[in-house]
Amino acid sequence: MKNFTTTSSQETAFTVSQLNRQIQQLLEASLPWILVEGEISNLAKPGSGHWYFSLKDDRAQIRCAMFKSKNLAVRFRPKDGDLVRLRARVTFYGPRGDCQLSVESMESAGEGALQQAFERLKGQLQLEGLFDAKHKQTLPTRPERVAIITSPVGAAIRDMIIAFRRRFPLTELTILPSLVQGQDAATNLLKQLNRADASGHFDAIILGRGGGSLEDLWSFNDEALARAIFNAQTPIVSAVGHETDFTIADFVADVRAATPTAAAELLSPDKAHLIRQIEQHTKQLTSRLSQKLEQSHQQLDFLIKRIRHPKERIEQQQRQLSQLQKQLKQAIDKKLTQQQVLTNNIHQRLLNQSPNRTLVQHKAKINDLNTRLSLALRNNLTSKQTHFARIIDKLHLVSPLNTLSRGYAIASKDEQVIRSIKDVKKGEAINVRVQDGEMTCTVDITKTTSA
């Protein structure tokens, strides 16, 4: 290694090539092989098969090259945002003064910080239901007023305007300019979105920009912007990046378009298709009108044939009236005859069940019963009288009165007949009844007789 120190008497001047060669020798000698971790950015894979990209962290980046012979051994397909670990040599290209890493091998070291933040927010909002299809609004079929929130310069806005003018130039477009990349882009997008939605003037809103890396599109992964999209009353189409690019805005929006041009096509009916529809509807309408007119002519001819002179209709109705009167008279006569027969039957039944006949019959029966009762009473009275006389005679035979008439007397004490001498005592008063009266006696002597 040459010594390039200077002296006060004479200074050594280097050419640029000498300086770069010295830098190359120093770098490659001091850092022959190194392990370095970082996040892939701006990955390019040209047709040659080589990979060119930048490896970065939050403060710096360095260019890298991994040639085809080396990247064939990589066991995964790297993409922007991947966190990788590289085994590489530091190289310095003298003609341009560029420093880069020549990558020997690559291993995955996990997702990059931006990708991790993206996945965390995506998981959180999905869990809250901000991506659910039930919350998606339907896009209008033919929107009259559309707001486009994007950068006023660039291919994205130009492509959308061209698509609207080509397909349906009657759509009123309002460009709401906004930053779409950088530190203040998310705040700018949110402000324009709230402004457009609060106006109530637009039928739909397009939120978009052209393609780019994950960090280029990062403003569309803002949480506040995502919640504003979810709460918006106006249908929103997200058209951010290319077809393979996905942002949080794409998941929350009512519809995700693969590209800005696709978003314009979603909200602009095809002019040629509409013209064909109008022509087809015109033919159908003309055909239906012709059919309707033909049917009306046929119906008119039919009605004309049915029209008759009023006199003829009156005569027909008179004949119908006469026939109805005749039928009515016959029906009345028949009904009267039936009622007369029914009345006669009822009258005969009433006569058969008349109370006069029943009264006569019952009166005769009562008279017969009276006669029989009188005879029975007389016979019964005669029989009772005869029987009573016999009983009187029998009673007379055993009557004590009859016994008294033969000289006997009945002695009693205290209205009790004295039957034994034991019933009285000496000195007691007793009553003695004879045929023609009674007398009271005193017992002086009692004497028992033999049987």
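Which residues does Thr234 touch, not counting residues up to four places away in sequence? Before I answer, a word on what we are looking at: this is a predicted model, in which local features need pLDDT of at least 70 and side-chain atom pairs count only at pLDDT 80 or more, while totals for chains, interfaces and linings use all residues. Residues are numbered from 1 along each chain as its sequence is written, and side-chain values use heavy atoms, with hydrogens and water left out.

Now to the answer: Thr234 touches Gln137, Asp197, Phe202, Asp203, Ala204, Ile205 and Asp254, where contact means heavy atoms within 4.5 Å. Thr234 sits in the loop between helix H6 and strand E9 (236–240); helices (H or I, at least four residues) and strands (E, at least two) are DSSP runs, numbered from the N terminus. With a relative accessibility of 6%, Thr234 counts as buried, given that buried means under 20% relative accessible area, exposed over 50%, and partly exposed in between (1.4 Å probe, protein chains only). As for Lys329, it is 95 residues from Thr234 in sequence and 81 Å from it in space, C-alpha to C-alpha.

Let me turn to the helices. Two packed helices are described by the angle between their axes and the distance between the axes. Helix H5 (residues 185–199) packs with H6 at an angle of about 15°, and their axes are 9 Å apart; the axes are lines fitted to C-alpha atoms, for helices over the stretch in contact, and angles run from 0 to 180 degrees between N-to-C directions. That angle makes H5 roughly parallel to H6, the cut-offs being under 35 degrees for roughly parallel, over 145 for roughly antiparallel, 65 to 115 for roughly perpendicular, and oblique for the rest. At this contact, Leu189, Leu190, Leu193 and Asn194 in H5 meet Ala224, Leu225, Ala228 and Ile229 in H6. By class, the contact has seven nonpolar, one polar and no charged residues, where Ala, Val, Leu, Ile, Met, Phe, Trp, Tyr, Cys and Pro count as nonpolar, Asp, Glu, Lys and Arg as charged, and the others, Gly among them, as polar.

Next comes Asn221, which lies in the loop between strand E8 (204–209) and helix H6 (223–231). Asn221 is buried, with a relative accessible area of 5%, and its side chain reaches the backbone nitrogen of Ile248 at 2.8 Å. Leaving out residues up to four places away in sequence, Asn221 touches Phe118, Leu121, Leu214, Thr247 and Ile248.

I will finish with backbone angles. Asn42, in strand E1 (residues 34–44), has a positive phi of about 55° although it is not a glycine, and it is partly exposed at 46% relative accessible area. Asp414, in the loop between strand E11 (410–413) and strand E12 (416–417), also has a positive phi, near 55°, in a residue other than glycine, and Asp414 is exposed, with a relative accessible area of 67%.

Note on methods: A polar contact is a pair of N or O atoms within 3.5 Å; within protein, one must be able to donate a hydrogen and the other to accept it, and residues adjacent in sequence count only if both atoms are side-chain atoms.
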